[in-house]
Protein chains: 2
Amino acid sequence: MEKEKIKIGILGYGNLGKGVEIAIKTNNDMELVAIFTRRNPQDIKTVYSKNVLNVSEIEKWKEKIDVLLLCGGSATDLPEQGPYYAKDFNTVDSYDTHAKIPEYFEVMNQSSKEGKKVSIISIGWDPGAFSLNRVLSEAFLPKGKTYTFWGKGVSQGHSDAIRRIKGVKNAIQYTIPVEESVEKVRNGENPELTTKQKHLRECYVVLEENADKEEVEKEIKTMPNYFADYDTIVHFVTEKELLKNHSRMSHGGFVIRSGYTGMEEKNKELIEYSLKLDSNPEFTASILVAYARAAYRLYKNKEYGAKTILDIAPSMIINKTKEELLKDLL
Amino acid sequence: MEKEKIKIGILGYGNLGKGVEIAIKTNNDMELVAIFTRRNPQDIKTVYSKNVLNVSEIEKWKEKIDVLLLCGGSATDLPEQGPYYAKDFNTVDSYDTHAKIPEYFEVMNQSSKEGKKVSIISIGWDPGAFSLNRVLSEAFLPKGKTYTFWGKGVSQGHSDAIRRIKGVKNAIQYTIPVEESVEKVRNGENPELTTKQKHLRECYVVLEENADKEEVEKEIKTMPNYFADYDTIVHFVTEKELLKNHSRMSHGGFVIRSGYTGMEEKNKELIEYSLKLDSNPEFTASILVAYARAAYRLYKNKEYGAKTILDIAPSMIINKTKEELLKDLL
């Protein structure tokens, strides 16, 4: 174990940044040295940290931070911030636009190799812990099918899509696994499932005054990509109800590998990894912090460049010695 | 991906060795080149392999085998075979005497380093996949408790212990998780559980003629370490019933991490990894074969010495390119 504490910086102070701030407290080999924001530092109310700085000052902190946790969003923040800061800092981020991960990996790899730093990308639970389980379970059971179910939990992307509809004041969308399909998978039936058969979408919508209820509902249900391929339930609620009943950040989901062994695929083998989370951002943050430890250790080993969760040995992320692992956890 | 197939040898042809033979078939980057046995090769009935040799010939195969899978038992075979063969072969084994893993690691590390080979020890599901999940989930959630439950499945050690009792002809013992305790853990109650509260033991016993039923039952239930600390149910059955109803090799279990995030440990987060296996030895064998791939790759990278499942990046065990992983599985 490291004697000196690992010095962590946070860039971006939303739900994820706040989660990281809190998670560092539960890791006694780390300390938070600074939070950087694009906003006016005076406007930021942290949980405990007193050192909030404008991002314009970050260059001065290059030598004082071991790992910078990039807590911005995947749509616009990370594609820009990632390659920019990966030259000067070891980084960990939660880049989660699945389709663009290969190109994001490329730019991060180039940038971090150039700066002789380590960048760990796409950390969290999906991509992240779920990816790890998809890979491990397919390697353990090459014959079989893998199913990923998400929920019940709020999808920010889908909630935002509803909010963009004319006449909608606010909205929350839950992604919910279809219980009947989950049961078939757990029974080892290996069904072919359509999009509609895997998840259902439940929406709580606050209308603007004078908005056309039926028109809004129709627009939601027929929205391509987001809702058209699903069974969608729409509830209209008051803003007060929405804030009271639908502002929790719980989420969850499961990865199931249903495979076979034996010469005639005689034996069924089922691997299930499941998460039940009260706080999606706090749990995600907690995983980011574990991989900050790996970034620090990889950097010490001079293993520069971009890495994903798949490239990192489990022993690298835990605050235990090799002896403790062999004795207590293996 | 490797163009040449990885050449696998099997040492020891019991249930595990047979499972490995079958599992190789489902991995198209591997081929089985030889099975070695201490018995007379003519007495071995394989599933498909035609090349069964006496172990005395193994030295001639040093250059023709990339990875030797040691399929002997942990009690007497592996402590002797492991360090002996680790000098000349890359090896994977399923050494599972938890208390002695640190010393086994030491001798395997010394031997494989000396021979410039790679030895991956203690592979399977516990130790193995369960160890991996204990480490990952504790790293993800440093505050919390980890619970491991096994079963329902046969424990060979406990079955053997019953068979050694005078008057017992044959016996099978099932380890069964206590459902009530599992539910408490899943509810995030973080109970303190005694041995008795975690598992119960159910035994099916065939008596010798004239054996004293009550005496046998008493001896089982009071046996130190094995049964005395548990609730134990004993059924007496005929040998025919035992063979008919209790010779399946199904098993399973789960690792649950019940943790907290947030400043006042406000939010509960639950991670569960569960296995439902029709064939314990075939699933174990399937994992061994995946780690044979890692042994081969680590050897190519000259990363000599002993490793455990905790030291190996997930991408090392799967037959996919880096590009496929980034695109399809992350």
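How exposed is A:Asp212 in terms of relative accessible area? A:Asp212 is partly exposed, at 47%, where partly exposed lies between buried (under 20% relative accessible area) and exposed (over 50%), computed with a 1.4 Å probe and protein chains only.

## Basis of the report

This is a predicted model, in which local features need pLDDT of at least 70 and side-chain atom pairs count only at pLDDT 80 or more, while totals for chains, interfaces and linings use all residues. Residues are numbered from 1 along each chain as its sequence is written, chains are lettered from A and ligands numbered from 1 in the order in which they are written, and side-chain values use heavy atoms, with hydrogens and water left out.

## A negative surface patch

A:Asp212 sits in the loop between strand 10 (199–207) and helix 8 (213–221) of chain A, and together with A:Glu214, A:Glu215 and A:Glu219 A:Asp212 forms a negative surface patch. Such a patch joins like charges within 9 Å, using residues with over 30% relative accessible area and no salt bridge.

## Aromatic pairs

Over all chains, the whole structure holds 20 aromatic pairs, a pair being rings of Phe, Tyr and Trp (its six-membered ring) with centres within 6.5 Å, counted as stacked when the planes are under 30 degrees apart, edge-to-face when over 60 and tilted for the rest. A:Phe130 and A:Tyr273 form an edge-to-face pair, 6.1 Å centre to centre with 80° between the planes. Because A:Phe130 belongs to helix 4 (residues 129–140) and A:Tyr273 to strand 13 (residues 267–277) of chain A, the pair ties together parts that are 143 residues apart in sequence. A:Phe130 is buried at 0% relative accessibility, and A:Tyr273 is buried at 3%.

In chain B, B:Tyr174 and B:Tyr204 also pair edge-to-face, at 5.8 Å centre to centre and 85° between the planes; B:Tyr174 is buried at 9% and B:Tyr204 is buried at 14%.

## Salt bridges

The search finds 37 salt bridges over all chains, each a side-chain nitrogen of Lys or Arg within 4 Å of a carboxyl oxygen of Asp or Glu. One of them joins A:Glu180 and A:Lys184 at 4.0 Å, N to O; these residues are four apart in helix 6 (residues 179–186) of chain A, so about one helical turn separates them. A:Glu180 is exposed at 57% relative accessibility, whereas A:Lys184 is partly exposed at 34%.

In chain B, B:Arg248 and B:Asp278 meet in a salt bridge at 3.6 Å, N to O, and this pair links distant parts of the chain, 30 residues apart.

Technical notes:
Patch = residues over 30% accessible without salt bridge, like charges linked within 9 Å, V, L, I, M, F, W, Y side chains within 5 Å. Areas by Shrake-Rupley, 256 points an atom, 1.4 Å probe, with all protein chains shown as cover. Lys, Arg positive; Asp, Glu negative; His and termini not counted. Charge placed at Lys NZ, Arg CZ, Asp CG, Glu CD. Helix = DSSP H or I, 4+ residues; strand = E, 2+ residues; numbered from the N terminus.
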